[in-house]
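Q: Pick one part of this model and walk me through it up close. I'd like to hear what it packs with and what sits around it.

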Amino acid sequence: MTLQAISQEDENSSYSINLSGTSLADRDIFEYMHSMFAKHNVDPKRICFEITETAAISHLNSALKFIEQMTSIGCKFSLDDFGSGLSSFSYLQKLPVSTIKIDGVFVRDINENHVNRIFVENIQRTAVAMNIKVVAEFVESNEIEQVLKSIGIDFVQGYHIHKPELWYTGIKD
């Protein structure tokens, strides 16, 4: 249903789709997704799959295979909730992702918490070295946005930027 809705939108727009650990572990997910792209005539280059660090680590082999297969047809991947796992930097080297999203727990008080700022700065430096874009979640104020801008974070999301809203396409099951 998501790809059906996307197929009716502007062809120059791109979308992020969250994937669960269960989806990553599904052996047939690549074939299913590949067939859905064809069925709904959606260019895979328009799609970025978001997988949580925990799901990727829990299903590392299947995640690596799926990422490899999907990137071969043009999809991108984002590692969500980065920093919440125990071995984040180790796994970052193994997962071929184009974007990481810093877990909001490190962002929400970055303007007041010196340790969180250093942590985010280190993620940013590592990402630059690996040619990976960085998204900071949980941006709740202009002060937080300005700190992240000074660090060089590529993208921000949160209530300060825009509150979530219902997106209705009119498509029925």
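A: Let's settle terms: a residue is buried under 20% relative accessible area, exposed over 50% and partly exposed in between (1.4 Å probe, protein chains only). Helices (H or I, at least four residues) and strands (E, at least two) are DSSP runs, numbered from the N terminus. Keep in mind this is a predicted model, where local features need pLDDT of at least 70, side-chain atom pairs count only at pLDDT 80 or more, and totals for chains, interfaces and linings use all residues. Residues are numbered from 1 along each chain as its sequence is written, and side-chain values use heavy atoms, leaving out hydrogens and water.

I'd go for helix H8, residues 142-151, whose buried residues are Ile144, Val147, Leu148 and Ile151. Looking down the axis, these fall within an arc of 95° (taken from the directions from the helix axis to the C-beta atoms), so they line one face of H8.

What covers the buried residues? Helix H7 (114-129), strand S5 (133-136) and strand S6 (155-156) are among the elements doing it, with contact meaning heavy atoms within 4.5 Å. Just past the end of H8, Gly152 takes a positive phi of about 100°.
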